[in-house]
There are 2 protein chains.
Amino acid sequence: MPEFRQNMATKEWVVIATERAKRPEDFLKGKEARPELPAYSPTCPFCPGNEGKTPPSVLTMEEDGTWKLRVVPNKFAALQPQFSTKRERVGRFLKADGFGIAEVIIETPAHNATIATMDGHDVQRVVEAYKSRQVAISQDPRINMVTVFRNHGPKAGTSLEHPHSQIIATPIIPPHVRSPMTQATLAFDTYGSCVFCDMIGEELRQSERVIIETEHFVALCPFASRSPFETRILPKRHNSSFTTISDVEIEDLARVLKTLLRKIYVGLDNPDYNYIIRSAPTTDEDVRFYHWYILIVLKLTTPAGFEIGSGIYINTTYPEQCAAFLRDVSI
Amino acid sequence: MPEFRQNMATKEWVVIATERAKRPEDFLKGKEARPELPAYSPTCPFCPGNEGKTPPSVLTMEEDGTWKLRVVPNKFAALQPQFSTKRERVGRFLKADGFGIAEVIIETPAHNATIATMDGHDVQRVVEAYKSRQVAISQDPRINMVTVFRNHGPKAGTSLEHPHSQIIATPIIPPHVRSPMTQATLAFDTYGSCVFCDMIGEELRQSERVIIETEHFVALCPFASRSPFETRILPKRHNSSFTTISDVEIEDLARVLKTLLRKIYVGLDNPDYNYIIRSAPTTDEDVRFYHWYILIVLKLTTPAGFEIGSGIYINTTYPEQCAAFLRDVSI
């Protein structure tokens with residue numbers, strides 16, 4: 001029987017559509033092979049030797065005298081830091097100048113690497129850069145929200161092959177971010193606890209959707225997954241902002257992130273994906289009701305009119321089966 | 001300069017990214033030609049002669065003794081009417097049986113037609129069927145929300161070529177639907193008027209984003225369009241539910257829908273799209289603060305990590321240019 005399931009934090013519903021249920025293996029059928037990439041591409045602006053093709057870096061991490069990671073302002077940014085944060089009316093409509101900070105994290109000199117294939121030390125450097133830049137950008141009093149994310153592959157909206165993540169920071173906090181926080185506040189006022197902490201506790205108790213559990217983190221396919229293999233990495237320690245992650249937690253997170261993405265890479269033949277670090281706005285960095293986490297969305301299916309219209313996602317897989325599949329992938 | 005723009009009804013923000021701005025014509029470049037379809041396909045379950053391959057119709061519209069439109073239960077429905085509406089706890093999580101009503105509207109016997117190429121009379125029949133089925137399904141006391149939508153092309157999530165729309169009705173009203181209604185209630189309590197009526201008034205005053213205006217409807221690219229060529233058709237007469245559309249309005253809407261989709265078909269070379277009739281839940285069918293409309297989303301771009309994470313869509317076109325482009329397409 002198909003079933004509705006509710007995300008206990010956001011109150012959004014999904015349909016687990018058992019009548020059209022696919023097995024995890026079904027997503028491998030008919031998948032186009034991704035072209036092999038060279039380790040170095042002379043025309044790539046992110047490859048070593050082409051540093052002049054990007055704006056000067058705002059953070060460089062070196063080893064043995066060569067850079068291993070660079071963070072540069074996004075040359076083709078949708079938002080730019082030289083503008084004001086002025087908001088003004090156009091008749092009854094509201095607009096604001098396009099102020100924002102947009103940066104690219106060039107994760108490694110190797111053109112053909114990706115998180116799933118990098119070594120652990122390199123992944124840890126990426127996570128360190130995420131924290132360093134989010135902390136630095138959050139100091140700007142004009143910035144109210146910092147979003148760190150990674151787009152992998154064309155279906156995930158990237159055309160640049162060289163492994164990179166992005167940061168976009170805005171003065172705007174939209175309802176898409178505020179509404180779940182309001183829901184979490186209501187849950188806190190009712191139960192006296194963080195709804196995400198409660199969700200982690202319940203997922204660990206039920207255990208069948210857990211993929212990886214370490215001292216500090218749990219990676220799982222949530223009860224109310226919106227799409228096949230939707231995965232979250234949640235810190236066990238309560239904190240609303242990623243900026244508070246400790247060195248020990250960074251080391252652990254890098255291992256979990258790499259292991260999880262490696263399982264996805266091997267088990268599902270390197271699918272396109274987006275991941276996002278969901279972290280409280282800079283205005284709410286130390287609240288008891290919200291909890292940061294990483295959301296990983298695989299681009300295996302296409303949302304259609306019903307999803308756009310209702311916000312109810314029809315998921316053709318059981319999260320329990322997806323988690324079991326990923327647990328069993330040996331890497 | 002790029003700018004943020006706010007949707008005055010939902011309070012969601014978009015970025016109009018002028019630094020990466022595309023002209024409407026740019027979306028035609030490199031577009032793959034869609035294969036020509038036959039007028040009849042012997043293996044298509046929706047073609048005449050194959051009526052036995054679908055469940056019996058719940059509505060048939062005939063002319064000259066042959067069917068011109070059929071509405072049938074969706075054989076591969078994610079939700080089904082034989083289940084209960086019971087909601088129950090799984091530990092701290094909430095789930096519900098997969099009760100729902102899912103129907104397919106087979107819009108015409110012609111396998112290779114689409115709204116843009118049908119004649120006006122055929123399009124009017126489709127709109128009549130939308131109303132007839134939404135009214136009928138809304139009578140079921142277990143149903144709280146009815147969504148009518150159309151997916152056109154593989155990027156819009158359909159694999160079936162034969163022209164069809166769909167209806168999915170659920171007992172669930174999700175936050176994605178409820179939150180904009182709550183915002184609209186706040187606007188009503190503040191201004192004493194429907195925020196959508198106000199938005200229509202402001203768009204007509206500013207006029208530059210209007211594509212078509214008739215006695216009863218206005219079609220426009222909204223001020224805060226989330227993606228290139230996002231379009232809405234709004235009724236001028238205030239009403240929260242599509243079920244109240246009059247015969248004269250149906251005739252007018254069919255003309256506007258056909259003209260608009262024809263302009264999109266000709267001007268943008270038959271792109272993939274979704275459209276959705278956004279109508280109040282059956283629990284709120286006659287409220288002063290909400291307003292039904294049709295949302296048309298073209299599948300020309302790919303939302304990426306920033307959109308998923310923040311809900312702020314980066315739109316690389318000016319809605320004003322998209323509207324001007326569509327106004328100028330001659331059909």
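This is a predicted model: local features need pLDDT of at least 70, side-chain atom pairs count only at pLDDT 80 or more; totals for chains, interfaces and linings use all residues.
**Exercise 1.** State the strand order of the open sheet of five strands, and find which strands stand at the edges.

*Solution.* 
1. The order is 15(A)-2(A)-1(A)-6(B)-5(B), and the pairing is mixed.
2. Strand 15 (313–315) of chain A and strand 5 (87–90) of chain B each have a single partner strand, so they stand at the edges, and one side of each is left without a neighbour in the sheet.
3. From one strand to the next, the twist averages 30°.

**Exercise 2.** Describe how helix 1 (residues 120–138) of chain A and helix 4 (residues 247–267) of chain A pack, and classify the residues of their contact.

*Solution.* 
1. Two packed helices are described by the angle between their axes and the distance between the axes.
2. For helix 1 and helix 4 of chain A, the angle is about 120° and the axes are 9 Å apart.
3. Angles of 65 to 115 degrees count as roughly perpendicular and those over 145 as roughly antiparallel; the two helices of chain A are therefore oblique to each other.
4. The crossing of helix 1 of chain A past helix 4 of chain A is right-handed.
5. Helix 1 of chain A contributes G120(A), V123(A), Q124(A), V127(A), E128(A) and K131(A). These meet I250(A), E251(A), L253(A), A254(A), R255(A), L257(A) and K258(A) in helix 4 of chain A.
6. By class, the contact residues are six nonpolar, two polar and five charged.

Technical notes. Residues are numbered from 1 along each chain as its sequence is written. Chains are lettered from A and ligands numbered from 1 in the order in which they are written. Two strands pair if DSSP finds at least two bridges between them. Helices (H or I, at least four residues) and strands (E, at least two) are DSSP runs, numbered from the N terminus. Axes are lines fitted to C-alpha atoms, for helices over the stretch in contact, and angles run from 0 to 180 degrees between N-to-C directions. Angles under 35 degrees count as roughly parallel, over 145 as roughly antiparallel, 65 to 115 as roughly perpendicular and the rest as oblique. A crossing is left-handed if the near helix is turned anticlockwise from the far one by less than a right angle, and right-handed if clockwise. Two residues are in contact if their C-beta atoms, placed from the backbone, lie within 7 Å. Ala, Val, Leu, Ile, Met, Phe, Trp, Tyr, Cys and Pro count as nonpolar, Asp, Glu, Lys and Arg as charged, and the others, Gly among them, as polar.
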